[in-house]
Amino acid sequence: MHLTKKSEYALLALAYLASRARGATVPLAEIAEAQTLPPSFLAKICQQLARDGLLAAARGPASGYALARPPTSITILDVLAAAEGPRLHQRCLFWERRCAEDDPCPLHHHVKSLAIELTSVLDSCTLADFTARQRLQGRSNFRSSRRAHETAP
């Protein structure tokens, strides 16, 4: 399993929406600003999340996005699969471009069971769990908290 910025940004956007009033439509610009995400890239990610049924898109004067389902029914695996594509769990942790079932890398068989276990964990963790953990850690914006931690002496 190999994750990109798309997964990180998708999780952050959905976590922000989960922290808002249930069913609230939030403008894309607000999500981007609150989570310090690039608006144009976030727009593409949100369109994909909407196509995959995780977001509901509103058009017109009150345009924006809302969660399409309650945070308790959206798993982290749902988010990652929407952001990265359906073959997410089949990608190699080490050599994504040079490893496949029919031509495995030297670590493929050792790591395969770990990937299956990780997929199971991600499927049991919900967006509600993720946002609750953020609140427990005192984080309203995961990215800015991480940056502050990384730059601290």
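**Entry 1: the chain as a whole**

I began with contacts (heavy atoms within 4.5 Å): among those in the protein chain between residues at least 6 apart in sequence, 64% join residues at least 24 apart. I note that this is a predicted model, in which local features need pLDDT of at least 70 and side-chain atom pairs count only at pLDDT 80 or more, while totals for chains, interfaces and linings use all residues. Residues are numbered from 1 along each chain as its sequence is written, and side-chain values use heavy atoms, with hydrogens and water left out.

I then listed the elements, taken as DSSP runs numbered from the N terminus (helices: H or I, at least four residues; strands: E, at least two). The protein chain has seven helices and two strands, in the order α-α-α-β-β-α-α-α-α from the N terminus.

I looked up burial next (buried: under 20% relative accessible area; exposed: over 50%; partly exposed: in between; 1.4 Å probe, protein chains only). Of the 153 residues, 36% count as buried.

**Entry 2: helix 4**

I found seven of the nine residues of helix 4 (residues 76-84) buried, so this helix is largely enclosed by the rest of the structure. The buried residues are Ile 76, Leu 77, Val 79, Leu 80, Ala 82, Ala 83 and Glu 84. Their cover includes helix 1, helix 3 (39-51), helix 5 (108-124) and helix 6. After helix 4 comes Gly 85, with a positive phi near 110°.

**Entry 3: helix 1 against helix 6**

I examined the packing of helix 1 (residues 5-19) and helix 6 (residues 127-136): the angle is about 80° and the axes are 10 Å apart. Helix 1 is therefore roughly perpendicular to helix 6 (the term covers 65 to 115 degrees). Axes here are lines fitted to C-alpha atoms over the stretch in contact, and angles run from 0 to 180 degrees between N-to-C directions.

From helix 1, Leu 11, Leu 12, Leu 14, Ala 15 and Ala 18 meet Leu 127, Phe 130, Thr 131 and Gln 134 of helix 6. I count these residues as seven nonpolar, two polar and no charged.

**Entry 4: the two sides of helix 6**

I recorded Leu 127, Thr 131 and Gln 134 as the buried residues of helix 6. They span an arc of only 55° around the axis, which places them on the same side of helix 6. An α-helix has 3.6 residues a turn, so residues three or four places apart point the same way. Arg 133 and Leu 136, on the other side of helix 6, are exposed.

Key: Angles under 35 degrees count as roughly parallel, over 145 as roughly antiparallel, 65 to 115 as roughly perpendicular and the rest as oblique. Ala, Val, Leu, Ile, Met, Phe, Trp, Tyr, Cys and Pro count as nonpolar, Asp, Glu, Lys and Arg as charged, and the others, Gly among them, as polar. The arc is that of the directions from the helix axis to the C-beta atoms.
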